[in-house]
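Please look through the structure shown here.

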Amino acid sequence: MASPATPRPALIRPRASRSRSQLGAVSLASDHAAATASSGRRRDFVFVVNPSGANGRTGKQWKQLLPFLHTRLADQCNICECITSGPSHAIDVTREAIKDGADAVIAVGGDGTLHEVVNGFFWKGSPVRALDRGPDHLTALGLIPLGTGSDFARTFGWSNDPRQAIDRIVRGVKSKLDIGMMEGPNGDPHFFINVADIHLSAKAGYFASMYKRFGNLCYVLGALRGFWGHTNRDLRIKVNGGEWRTVDKVTALCVGNAKYFGGGMKITPTVDPFSGDLQVVIIQDFKWYSFLLKLHRLYGGTHLTVNGVSSIRKKKPCMENTQILQKAYCFLCSQGRVQSVEVAEVVPNGDVFVQSDGEHFGFLPTKFSVLPGAVDFFS
């Protein structure tokens, strides 16, 4: 029986920032002026809320959380609330807030909301800066995880308790967080904070978005649908600007800035988002039954010793499972640190999916790189 044709979504491209009047976002100017006149400068914290996250639960939980938030933070800063109205709105709101001089932008929702907020920290590949706060002013990034997956929070062992997240923001401890950058065929930069991935996992993520009503089960359903008609592909890889090499029968390739994706799969288990390095995990020649049999290893982060799985990671020459490697890609063993990786098809067809932080990005070829310590993050 012939397999159904896979829908081909459009390539995501950066959007121009709307004017402040179009955004309908909270303006910081009046709050800032009032605070300055009464008691000296108070900090401006902008909370970007996706009310439709987790099938609408995010909006409901946010309303319940507001009294606690005001109790903990209102005496320290101006609390500016922005409710997003649709895709990419959080990107625009974040950019405008940073230009207005916000001291922090906090994503309230899941990994998709966090992904948009992170992209709002940049414009045409460069960091967005405040217009009238001087060159040393930096806007911090925060997270209150209230979404479906909340995979990024898992890297730090954080629970989904929003009150604990607010306590972290109140403490004010910040760390320099790495951000991943990716460039597609048109060269436009896009950013990711968690995991970017290629082929089956990216296709599964695209389908998983259709099953969000099932919660974390959507990732398994997406993977099963992704396997329908799936064929492993030969890819070309270039690490840290070195030589192009071929990797055969690739099922999926994941580039991690953090550890988890797909609703709790610990896919890049040894990466550190404060290290200045990425981790690359390559899964080869998996069949649908291989995926089912090894699913528990993927969730537990113990898959690097499974036949057909290899990794480029930080610290030491780092290919795991070297006994099964083919000579064609043993070159990866010498790559102890990964700052960039380029991936392309051996035979270009333009149909190998690429996603970042669970959001569809486009198709190969794509270059991935890391921006070390690019954002101050409430940790």
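Asp234 has a relative accessibility of 36% and therefore counts as partly exposed; buried means under 20% relative accessible area, exposed over 50%, and partly exposed in between, with a 1.4 Å probe and protein chains only. The model is predicted, so local features need pLDDT of at least 70 and side-chain atom pairs count only at pLDDT 80 or more, while totals for chains, interfaces and linings use all residues. Residues are numbered from 1 along each chain as its sequence is written, and side-chain values use heavy atoms, with hydrogens and water left out.

Asp234 belongs to strand S10, residues 233-239. Helices (H or I, at least four residues) and strands (E, at least two) are DSSP runs, numbered from the N terminus. Leaving out residues up to four places away in sequence, Asp234 touches Val247, Asp248, Lys249, Glu345 and Val346, where contact means heavy atoms within 4.5 Å. Glu345 is 111 residues from Asp234 along the chain, yet their C-alpha atoms are separated by 6.5 Å.

Lys249, one of the residues that Asp234 touches, lies in strand S11, residues 245-256. Lys249 is partly exposed, because its relative accessible area is 46%. Its phi is positive, about 50 degrees, although Lys249 is not a glycine. Most residues other than glycine have a negative phi, and most peptide bonds are trans. Asp285 is likewise not a glycine and has a positive phi, of about 55 degrees. It is found in the loop between strand S12 (279-284) and H10, and its 35% relative accessibility makes Asp285 partly exposed. A cis peptide bond, with omega about 5 degrees, joins Leu364 and Pro365. Pro365 sits in the loop between strand S16 (359-363) and strand S17 (366-378).

Now take the protein as a whole. It has 10 helices and 17 strands, and buried residues make up 56% of its 379 residues. Of the contacts between residues at least 6 apart in sequence, 72% join residues at least 24 apart.

Several pairs of helices pack against each other. Axes are lines fitted to C-alpha atoms, for helices over the stretch in contact, and angles run from 0 to 180 degrees between N-to-C directions. Helix H3 (residues 57-73) packs on helix H7 (residues 162-171) at about 25 degrees, with the axes 10 Å apart. H3 is therefore roughly parallel to H7; angles under 35 degrees count as roughly parallel, over 145 as roughly antiparallel, 65 to 115 as roughly perpendicular and the rest as oblique. In this pair Gln64, Leu65, Phe68, Leu69, Arg72 and Leu73 of H3 meet Pro162, Arg163, Ile166, Asp167, Ile169 and Val170 of H7. By class, this contact of H3 with H7 has 8 nonpolar, 1 polar and 3 charged residues. Ala, Val, Leu, Ile, Met, Phe, Trp, Tyr, Cys and Pro count as nonpolar, Asp, Glu, Lys and Arg as charged, and the others, Gly among them, as polar.

Helix H8 (residues 200-208) and helix H9 (residues 217-227) have axes 7 Å apart, at an angle of about 120 degrees. The two helices, H8 and H9, are therefore oblique to each other. On the H8 side the contact is made by Leu200, Lys203, Ala204, Phe207 and Ala208, and on the H9 side by Cys218, Tyr219, Gly222, Ala223, Arg225, Gly226 and Phe227. Buried residues of H9 include Cys218, Tyr219, Val220 and Phe227, and their cover includes H8 and helix H10 (288-300). Just after H9, Gly229 takes a positive phi of about 80 degrees.

The axes of H4 and helix H5 (residues 111-120) cross at roughly 40 degrees and come within 7 Å. This makes H4 oblique to H5.

What lies in the interior? The largest nonpolar core has 30 residues, of which Val105 and Leu141 touch the most other members. A nonpolar core is a set of buried Ala, Val, Leu, Ile, Met, Phe, Trp, Tyr and Cys residues joined through side-chain atoms within 4.5 Å. Helix H4 (residues 89-99) gives the most to this core, with 4 residues. Apart from it lies another core, of 24 residues, among them Ile237, Val239, Val343 and Phe368.
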